[in-house]
Amino acid sequence: MKTVTKKTIVNFCLPQFAVGLFTTMLNNYLIYFYQPSTASGLPTLITQGYVFLGVLTVIGFIKAAGHVIDAVTDPVVAGISDKCKNKNGRRIPFMKWFAVPFGVSALMIFCAPASAPGALNNIWIALWIWAYYCFYTLYMIPHNALLPEMISDAGKRVDAYTMSSLFFVTGSMLGYATPAIVSVIKSFGVSPLGAWRATFAFFTVIGIVLLLVPAFTIKEKEYVNSVLPQVSLATSLKHAFSNRHFVILTFAQLFENTGMAFFQACIMYYITSLMKIPESQSIIIMATSIVGSLILYPLVNKWAKNKGKTP
């Protein structure tokens with residue numbers, strides 16, 4: 001097997017920039033886009049108010065259902081990928097097949113066809129959000145599984161995961177610049193709705209290109225000697241969740257993601273509705289949080305190598 005070079009690791013990590021962009025689009029701006037504030041100038045395109053069990057909005061219900069779909073499809077796709085017998089490997093073929101649908105579905109979520117609230121827009125958004133979570137799984141589960149198969153050295157894996165996270169954060173940083181980019185586009189006479197969609201279309205093109213880079217530059221068979229699993233998916237899941245430490249880490253990640261989701265979903269309302277700061281200036285607050293995060297990267301990377309991951 002060939003030794004993984006730094007260039008290969010960089011190519012492998014590039015999709016995380018795209019994931020950072022798409023995640024920011026959905027987590028930071030989806031609710032703001034479809035439940036717009038008066039200051040945003042955006043039209044109301046979906047049914048408003050609490051319509052499910054008296055506690056969930058349409059967009060809230062759709063996103064919640066999307067996460068359930070994501071949770072169900074994750075182990076299914078993992079099992080299919082593990083048993084894939086494609087001549088090009090078990091992971092890369094999925095990345096080639098689903099890179100474009102993954103990116104396109106992120107954009108289509110924001111392209112509801114009707115100009116007023118109604119069932120058509122509600123159904124459109126639901127189908128594309130659920131498609132997004134499926135395509136995300138079909139691309140990212142094989143992608144994430146490939147890294148530990150390519151790199152056996154623990155120190156190099158820490159470096160690779162750090163680089164992946166760095167690309168995700170820088171992709172998020174560009175995503176956080178959305179209000180500023182929208183403001184520039186609106187200055188050319190484009191409507192707020194058109195400006196937001198144009199910005200997301202720009203992000204989608206960048207994202208798809210980056211998703212395709214490792215799919216067409218990494219020859220999986222040169223780095224990985226695949227061994228097909230001999231146990232069923234149900235047996236694998238039972239074994240994984242019988243491990244107390246795995247369960248603890250899984251729930252820790254669940255709580256982390258939940259807290260982050262609250263922050264991301266509400267940040268634009270905090271800025272525009274509570275703090276009365278214009279959309280275009282929100283990038284200052286976003287950038288401050290990103291810079292604070294980036295400062296910690298080299299410290300955490302070095303600490304993880306010297307002290308271990310658990311501390």
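Read along the sequence, the protein chain follows the pattern α-α-α-α-α-α-α-α-α-α-α-α. It contains twelve helices and zero strands, where helices (H or I, at least four residues) and strands (E, at least two) are DSSP runs numbered from the N terminus. The model is predicted, so that local features need pLDDT of at least 70 and side-chain atom pairs count only at pLDDT 80 or more, whereas totals for chains, interfaces and linings use all residues. Residues are numbered from 1 along each chain as its sequence is written, and side-chain values use heavy atoms, with hydrogens and water left out.

The overall dimensions come next. Along the principal axes, the C-alpha atoms of the protein chain fill a box of roughly 55 × 40 × 40 Å. For 311 residues, a compact globule would have a radius of gyration near 19 Å, and the 20 Å of the protein chain therefore agrees; the radius is taken over C-alpha atoms, and the globule rule is 2.2 Å times the number of residues to the power 0.38. Of the 311 residues, 39% are buried, that is, under 20% relative accessible area with a 1.4 Å probe, protein chains only. Among contacts (heavy atoms within 4.5 Å) between residues at least 6 apart in sequence, 78% join residues at least 24 apart.

Axes are lines fitted to C-alpha atoms, for helices over the stretch in contact, and angles run from 0 to 180 degrees between N-to-C directions. On the H2 side the contact is made by Val19, Phe22 and Met25, and on the H4 side by Phe102, Gly103, Ala106 and Leu107. By class, this contact has six nonpolar, one polar and no charged residues; Ala, Val, Leu, Ile, Met, Phe, Trp, Tyr, Cys and Pro count as nonpolar, Asp, Glu, Lys and Arg as charged, and the others, Gly among them, as polar.

Another pair is formed by helix H7 (residues 178–186) and helix H8 (residues 192–217), whose axes come within 9 Å and cross at roughly 125°. H7 and H8 are therefore oblique to each other. H7 contributes Thr178, Ile181, Val182, Ile185 and Lys186 to the contact, and H8 contributes Pro192, Ala195, Trp196, Ala198, Thr199, Phe200 and Phe203. These residues divide into nine nonpolar, two polar and one charged.

Definitions and conventions:
Angles under 35 degrees count as roughly parallel, over 145 as roughly antiparallel, 65 to 115 as roughly perpendicular and the rest as oblique. Buried means under 20% relative accessible area, exposed over 50%, partly exposed in between (1.4 Å probe, protein chains only).
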